[in-house]
Amino acid sequence: MLRVFQKDILDPKQFVVTLELVPGRESTGRSVDTVIGIAKDAFADGRISAVSITDNPGGNPSLSPDAIGYRIFSIGMDVIVHFTCRDMNRVGMESRALQLAMMGMKNILALTGDYSGKGFGGQGAPVFDLDSVNLQIMLRMIGERINAAGDPDAFFTGCAVSPFKWTEGECVAQYAKLNRKLAAGAQFVITQLGYDARKFQELIHIQRHMDLKVPTMGSVYVLTPRAAQIMKQGKIPGVVVTDALLKTVQKEWSNKNQGRTAAIERSARLGAVLQGLGYRGIHIGGIHRDFSTVGKILDRMAQIKDDWREFLPQFNDTQIRGFYAFRESSAVSVSTPVFGHYHPPVTIMDRLLYFLMRRFHNIFFTFNSPLAPIFQILCRKLDKSKTSQRFVNIVEHIIKHLLLGCLQCGDCAIQHVGFLCPESGCPKHTRNGACGGSRDGMCEVNPERRCVWFRAHSRLVTDGNVTELCHGCVPPRMWELNNTSSWLNFHLHRDHQSNGGEIAKFCRQTQCRLMPHDKKNLS
Ligand code: SF4
């Protein structure tokens, strides 16, 4: 069993290098040969711990990472398989996980995934049955079954995080979800791509502040003008390239050779900065033709790694009015983050709705409410006939549709999202926190709408309850309750709050130290 990556990343003395490869839309031919060729050269080079293979990037169909990964794995190169939630429901995902375990490919990067792109006959249906936190938990549970069956070698799972967010709400949403992903079992972290050293520092500081001891790798990319342009347009969710950087890259590439040299130098310097900041490795992307560029980046990094402080000012792709959790002076030491000092504007109507729904919820939908036994008796009575069930369902739907755009999932989760609906409010139906794709508080999929998690943060921060975004893990929606009354389901113990115990048990109940001044942390 190949365990090179796991061994390397868990060794604090090692600085790990992984390489991201992107399969094409063919099962044979040049694109397959190129990917395999790069992997073979990486293996021969000896400095790469693993290659990671993307899973239908951009939501568009490509050769399965499991298939091409297995070919690469067979030549002796360790592989990290990207595993997204977009294309399969939980049944298909579990089956895929079993298949990967049987193939021996147990390094998994668990991701929510980009939204659905175009395939045969048009855009594919976005599934998002699980989110990335529940995917982590599912892999952990399968891992325990693997161990129980006598194989000591379970999955080694990682997650992604994007520190390149410019509003406090999005930053909090990212770090809160990171807390949940790690609680759910993620054993390594890979960042999204950005060129802002302060944000890279912020992530390392936050992890220390939150006591999240997990090896983290920073992304490095060989920037060409085409790639920079696509990233600048926001077409790769979570990745940030500013106008200024795009212009610099375009200028550099006015001469191709100079452009390539500049791209290698930028990658090597960013790698050196990441190593200096305390990252445990780099994850190199943008390698599409041959391995030689990676070799040059690593050679150059070895020459300049001690000078990393000199390069810090070059990675200043910052946002002028962007949010930073730490003051600039705290470049090396850890100070207290400044989260929670900014109170985003929330309309009076939004505040009133939130206030009323929280009070309503506390009275009617908590098991420790003094009225809970009465509601349970009432619900039992109403549940006895189809007519009364339908009546409750209609009343609930009318009220919640008007207030929340309710889609009648029957397993209500508004209490986990600042009393907003994760089904109608989030195209990826995330119940545990934001995906990495929001930009300036707006949704990746519907850029004209605010991200539901950004809105949830705005509501919770005014109330001192932001910690709710990172406590525990929220089990997945129970699809068997679709189109039924969530009110009845709650009181009759049919929903995730009564039945998600086995799943929640797999989420280590860590203290969420993101917001030390929050009500919950003070109590
Ligand atoms: S979570 Fe489900 S029940 Fe609750 S408002 Fe959304 S769709 Fe309706």
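Me: Why are helix 6 and helix 17 called roughly perpendicular to each other?
Reply: The axes of helix 6 (residues 168-184) and helix 17 (residues 452-463) cross at roughly 105°. Angles of 65 to 115 degrees count as roughly perpendicular, so helix 6 and helix 17 are roughly perpendicular to each other. Axes are lines fitted to C-alpha atoms, for helices over the stretch in contact, and angles run from 0 to 180 degrees between N-to-C directions. Helices (H or I, at least four residues) and strands (E, at least two) are DSSP runs, numbered from the N terminus.

This is a predicted model: local features need pLDDT of at least 70, side-chain atom pairs count only at pLDDT 80 or more, and totals for chains, interfaces and linings use all residues. Residues are numbered from 1 along each chain as its sequence is written, and side-chain values use heavy atoms, without hydrogens and water.

Me: Which residues of helix 6 meet helix 17?
Reply: Glu168, Gly169, Glu170, Val172 and Ala173 in helix 6 meet Trp453, Phe454 and His457 in helix 17. Contact means heavy atoms within 4.5 Å.

Me: What makes strand 1 and strand 2 a pair?
Reply: Two strands pair if DSSP finds at least two bridges between them. Strand 1 (residues 16-21) and strand 2 (residues 50-53) have 4 bridges, in the parallel sense. The bridge partner of glutamate 20 is serine 52 in strand 2.

Me: Which strands make up the closed barrel?
Reply: The closed barrel has 8 strands and runs 1-2-3-4-7-8-9-10, with parallel pairing. Neighbouring strands of this sheet are turned by 30° against each other on average, direction ignored.

Conventions:
Angles under 35 degrees count as roughly parallel, over 145 as roughly antiparallel, 65 to 115 as roughly perpendicular and the rest as oblique.
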